[in-house]
Amino acid sequence: MGAQHVAVYVNAEADNVDRYADLGVRVVTQRTYRSAAGVVGNGWRLAQMWWRVRRLAPPGRRVVVINAMTSIYQSLVVPLAVRRAHEYVVVVHDAVDHPGSGHPVAAVGQRLEYRRADRALVLSRAVALQLQAQGFSAPVVVGALPPSSVLRESTGTRVAGRRAPGPTPVVGFFGRLEQYKGLSQFLACAREAHRIGLPWEFRIVGNGPESRWADTALGRHAQWQIGWVANADLARVLEGFDVLLLPYTEASQSGVIPLAAELGVPVVVTPVGGLVEQVSDLACGRVATSGGPRDLLEEVGAVLDLAARDSIRASAHAAIAATRARWREAVKRAVTDTPEPQ
């Protein structure tokens, strides 16, 4: 957008930090934390972070500071370090804590973010409504969660996805294994499918605290691949599924859904939060009427039909282009719009 000066400030230990070197802009790295112990042990770096932010956003020029993702360090420091004369845009992925993931220090940072923000960019209409319910008074711009570029970077081309299910269709789950992702519901679906004789394989790929289900009687109804998945392996993992089943109990949006849509893998989700609008916007699957196993299995069966899969693949690819355009427009609005008087 013709910016005269751009600087990117990133976590030095982020798994994608090397990609910023190709942007052609100034990149400043800051060590933060990877664990609860790291939050405390690296706490002295907060003063260093404050000083670096002040230097990156000097006085005497129009500056727009964008915090692309709230976190403990950024949310505690950046809102206080940005000068009042400068504009502050906060990207809000989740306006409320996911079940099991709340932290009192993060809550303090969130309040600082909301109090300082001149605008917010959110990734689903569900988050916009949550912000309004919390009394957030600054302008809110709603954008889509855009399809990721990592698939094309890892494969060289857009992957078409498996056209027809094999003799044993694979119903998959992929992502961070957190409490709100509904792993128990996924496993309940697997148990019910096996009870009624459906010849489907249920596969869970990812890492996180809910991997505890793997060693239970319920967990034995699925195949588990526990561990972190590199970007280069994303296409391989998702293409191994005939259907992606995400029975979340709560969600602002899901980063896995755009990946599946780009690969042509149909998605079945529960009717919660931003999942409904994501599946609708990307035309990439179906929304169950509830989170019950029978309802979810019925929708999975519907998208295993070859004609349904071809229709979803064609409509999803068309919708992805519109989503990218919507994302670009949302970012432009978030950066260039003049805040309304409060």
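The model is predicted. Helix α9 packs with helix α10, and helix α3 packs with helix α4. The structure holds 17 salt bridges, and a network of such bridges links Arg125, Glu277, Asp281 and Arg326.

**Packing of α9 with α10**

- Two packed helices are described by the angle between their axes and the distance between the axes.
- For helix α9 (residues 256–263) and helix α10 (residues 275–282), the angle is about 20° and the axes are 10 Å apart. Angles under 35 degrees count as roughly parallel, so α9 is described as roughly parallel to α10.
- The α9 and α10 helices cross in a right-handed sense.
- On the α9 side, the contact is made by Ile257, Pro258 and Ala261. On the α10 side, Leu275, Gln278, Val279 and Leu282 take part.
- By residue class, the contact of α9 with α10 comprises six nonpolar residues, one polar residue and no charged residue.

- Helix α9 is mostly covered, with eight of its eight residues buried. These buried residues are Val256, Ile257, Pro258, Leu259, Ala260, Ala261, Glu262 and Leu263.
- Gly264 follows α9 and has a positive phi, near 80°.
- Most residues other than glycine have a negative phi.
- Ala283, a residue other than glycine, has a positive phi near 50°. Ala283 is placed in the loop between α10 and β12 (285–287).
- With a relative accessible area of 27%, Ala283 is partly exposed.

**Packing of α3 with α4**

- The axes of α3 and α4 are 8 Å apart, and the helices pack at an angle of about 35°.
- The crossing of α3 and α4 is left-handed.
- From α3, the contact involves Ile72, Gln74, Ser75, Leu76, Pro79 and Leu80. From α4, it involves Val105, Ala106, Val108, Gly109, Gln110, Leu112, Glu113 and Arg116.
- The contact of α3 with α4 divides into eight nonpolar, four polar and two charged residues.
- Helix α3 (residues 72–81) is mostly covered, seven of its ten residues being buried. The buried residues are Ile72, Tyr73, Ser75, Val77, Val78, Pro79 and Ala81.
- The elements against which the buried residues of α3 pack are α1 (36–41), α2 (45–56), β3 (64–67), β4 (87–92) and α4 (104–116).

- Side chains of opposite charge can pair when their charged atoms come close.
- Glu277 and Arg125 form a salt bridge through their side chains, at 3.9 Å from N to O. The pair links distant parts of the chain, with Glu277 in helix α10 and Arg125 in helix α5 (residues 125–133), 152 residues apart.
- Glu277 is buried at a relative accessible area of 12%, whereas Arg125 is partly exposed at 38%.
- Glu277 and Arg125 also belong to the salt-bridge network that includes Asp281 and Arg326.
- In the salt bridge of Arg294 with Glu192, the closest N and O atoms are 2.6 Å apart. Because Arg294 lies in helix α11 (residues 293–304) and Glu192 in helix α7 (residues 183–195), this pair ties together parts that are 102 residues apart in sequence.
- Glu192 counts as buried, with a relative accessibility of 14%.
- A salt bridge joins the side chains of Arg313 and Asp310, at 3.4 Å from N to O. Both residues lie in helix α12 (residues 306–336), three residues apart, which is about one turn of the helix.
- Arg313 is buried at 11% relative accessible area, and Asp310 is partly exposed at 26%.

**Gly172 and its contacts**

- Gly172 belongs to strand β7 (residues 170–174) and is buried, with a relative accessible area of 0%.
- Apart from neighbours within four places in sequence, Gly172 is in contact with Phe186, Arg203, Phe241, Val243, Leu244 and Leu245.
- Gly172 and Phe186 are 14 residues apart along the chain, and their C-alpha atoms are separated by 9.1 Å.

Key
Residues numbered from 1 in each chain as written. Predicted model: local features only at pLDDT ≥ 70, side-chain atom pairs only at ≥ 80, totals over all residues. Heavy atoms only, no water. Axes fitted to C-alpha atoms, helices over the stretch in contact; angles between N-to-C directions. Helix = DSSP H or I, 4+ residues; strand = E, 2+ residues; numbered from the N terminus. Parallel < 35°, antiparallel > 145°, perpendicular 65-115°, else oblique. Left-handed = near helix turned anticlockwise from the far one by under 90°. Contact = heavy atoms within 4.5 Å. Nonpolar A, V, L, I, M, F, W, Y, C, P; charged D, E, K, R; others polar. Salt bridge = Lys/Arg side-chain N within 4 Å of Asp/Glu carboxyl O. Buried < 20%, exposed > 50% of the residue type's maximum accessible area, 1.4 Å probe, protein only.
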